[in-house]
Amino acid sequence: MLQAPQAVAGSERSLAAGCAPGENRYNRTQSCIKAPVKLNITRNGRLEGVIRLTVTQAMQLHNSRNFLEKYTFKVTGIAGNTSAVTAAFNVSCGRSCRATNHVRGPRAVRAGTVIAGPVNYHDSTTTEHRDRAKYSLTFLKPGYTTGLSRWESLTFRCDDIIRGSGIGAGCVFPRYAPVLTTMANLPHIRTNIKRIQQAGPHHYGKRGNSPLTRATSTAVERANRRVACPPPQPSRPARRVQL
């Protein structure tokens with residue numbers, strides 16, 4: 001059975017160059033899985049051969065509903081009777097998500113065989129959609145039982161909730177919480193934010209406590225503005241500060 005290892009949260013920098021040095025790690029927009037696999041060839045319950053291989057997958061999300069995954073299947077070792085074995089890779093995702101598989105197959109499995117190619121994804125959601133890519137790797141050998149392995153990607157979220165804002169739709173791995181590490185060029189805002197975070201009670205935006213979230217309701221935005229700038233107070237200046 002092929003099982004992708006559990007990916008753990010990594011830094012944005014660690015995956016900047018692709019998979020290395022971020023194997024089996026992920027951040028807000030990138031996930032890299034590298035899994036060693038052992039396939040036993042059996043007939044009538046008797047072991048006749050062994051195929052060892054490595055599967056590598058690198059998924060890159062974007063500020064768009066279109067994103068990409070690179071897939072590589074490499075045979076690293078063969079022993080015993082493994083002749084005439086073929087392998088085929090398939091991928092899918094559901095509802096508003098569509099996966100287009102460009103990985104060529106089925107292919108003969110021999111020493112040094114490499115099966116590689118991109119998978120293109122498109123999510124047509126106009127609100128919010130969470131999904132996983134579903135993979136299968138099928139091994140065939142005439143006269144032998146078919147081998148089938150299934151696994152899934154990390155959950156990704158695509159949305160276009162802030163419509164008309166100019167931000168546009170995009171996809172992320174929501175399990176990764178982005179962290180703002182500096183506001184050195186905004187000293188007064190930084191001081192106020194730190195004071196509120198320390199005072200609590202929820203410590204919004206402080207690491208390990210309640211995360212900040214973006215309001216998408218016009219009614220909530222108006223209510224927040226009424227509290228921040230009540231009618232007796234002068235309006236805030238029109239100048240905007242880019243965070």
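A salt bridge is a side-chain nitrogen of Lys or Arg within 4 Å of a carboxyl oxygen of Asp or Glu. By this rule the count comes to six salt bridges. The model is predicted: local features need pLDDT of at least 70, side-chain atom pairs count only at pLDDT 80 or more, and totals for chains, interfaces and linings use all residues. Residues are numbered from 1 along each chain as its sequence is written, and side-chain values use heavy atoms, with hydrogens and water left out.

**View A. Salt bridge between K34 and E23.** The closest N and O atoms of K34 and E23 are 3.4 Å apart. Because K34 belongs to strand β3 (residues 30–43) and E23 to the loop between β1 (8–9) and β2 (25–26), the pair ties together parts that are 11 residues apart in sequence. Strands (E, at least two residues) are DSSP runs, numbered from the N terminus. K34 is partly exposed, at 33% relative accessibility, and E23 is also partly exposed, at 38%. Buried means under 20% relative accessible area, exposed over 50%, and partly exposed in between (1.4 Å probe, protein chains only).

**View B. Salt bridge between R130 and E128.** The N to O distance between these side chains is 3.3 Å. R130 is partly exposed, with a relative accessibility of 42%; for E128, likewise partly exposed, the value is 38%.

**View C. Salt bridge between E152 and R132.** Here the side chains meet at 3.8 Å, N to O. The pair links distant parts of the chain, 20 residues apart: E152 lies in strand β12 (residues 147–152) and R132 in the loop between β10 (128–131) and β11 (134–140). E152 is partly exposed at 44% relative accessibility, and R132 is partly exposed at 30%.

Terms used: Helices (H or I, at least four residues) and strands (E, at least two) are DSSP runs, numbered from the N terminus.
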